[in-house]
Amino acid sequence: MKPEELRKLDSYFKRTFNPQMEVRARPRKNDSAEVYIGDEFLGVLFRDDEDGDLSFNFSMAILDIDLDDH
């Protein structure tokens, strides 16, 4: 992803979900980025410009052990 896209997405995630969220470039990948809170990996953002319509898709896996009540 382009640095400008990363900055805009980082701002969007901070504003919309949590100010501690951070969008980071992925090593050796230019079509996606990673989302973190601190050192905790949350998921992957994919860039989709199919048919000339640009969008970004966020994919986050949720483990069943994370669903247990604490």
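Predicted model: local features only at pLDDT ≥ 70, side-chain atom pairs only at ≥ 80, totals over all residues.
Trainee: In which sense do S2 and S3 pair, and over how many bridges?
Mentor: Strands here are DSSP runs (E, at least two residues, numbered from the N terminus), and two of them pair if DSSP finds at least two bridges between them. Within this pair, Ile 37 has Glu 40 in S3 as its bridge partner, and the hairpin has 2 residues between the strands, with Gly 38 at a positive phi near 60°. S2 and S3 pair in the antiparallel sense, over 6 bridges.

Trainee: Is Glu 40 buried or exposed?
Mentor: Glu 40 belongs to strand S3, which covers residues 40-48. Buried means under 20% relative accessible area, exposed over 50%, and partly exposed in between, with a 1.4 Å probe and protein chains only as cover. Because its relative accessibility is 52%, Glu 40 counts as exposed.

Trainee: Which residues form the negative surface patch?
Mentor: A patch is made of residues with over 30% relative accessible area and no salt bridge, where like charges are joined within 9 Å and nonpolar side chains (Val, Leu, Ile, Met, Phe, Trp, Tyr) within 5 Å. Asp and Glu count as negative, Lys and Arg as positive, while His and the chain ends are not counted, and the place of a charge is taken as CG of Asp, CD of Glu, NZ of Lys or CZ of Arg. The negative patch is formed by Asp 39, Glu 40, Asp 64, Asp 66, Asp 68 and Asp 69.

Trainee: What is the area of the nonpolar surface patch that includes Met 60?
Mentor: Met 60 is placed in the segment after S4, and at 43% relative accessibility this residue counts as partly exposed. Accessible areas come from the Shrake-Rupley method with a 1.4 Å probe, and for residues only the protein chains shown count as cover. Made by Phe 58, Met 60, Ile 62 and Leu 67, the patch has an area of about 410 Å².

Trainee: Which residues are joined with Asp 49 into one salt-bridge network?
Mentor: A salt bridge is a side-chain nitrogen of Lys or Arg within 4 Å of a carboxyl oxygen of Asp or Glu, and the structure holds 6 of them. In one of these, the closest N and O atoms of Asp 49 and Arg 47 are 3.0 Å apart. Through shared partners, the network joins Asp 49 with Glu 5 and Arg 47.

Trainee: What is the phi of Asp 51?
Mentor: Asp 51 lies in the loop between S3 and strand S4 (55-59), and at 68% relative accessibility this residue counts as exposed. S3 and S4 form a hairpin with 6 residues between them, and the two strands pair in the antiparallel sense over 5 bridges. Although Asp 51 is a residue other than glycine, its phi is positive, near 60°.

Notes: Residues numbered from 1 in each chain as written. Heavy atoms only, no water. Helix = DSSP H or I, 4+ residues; strand = E, 2+ residues; numbered from the N terminus.
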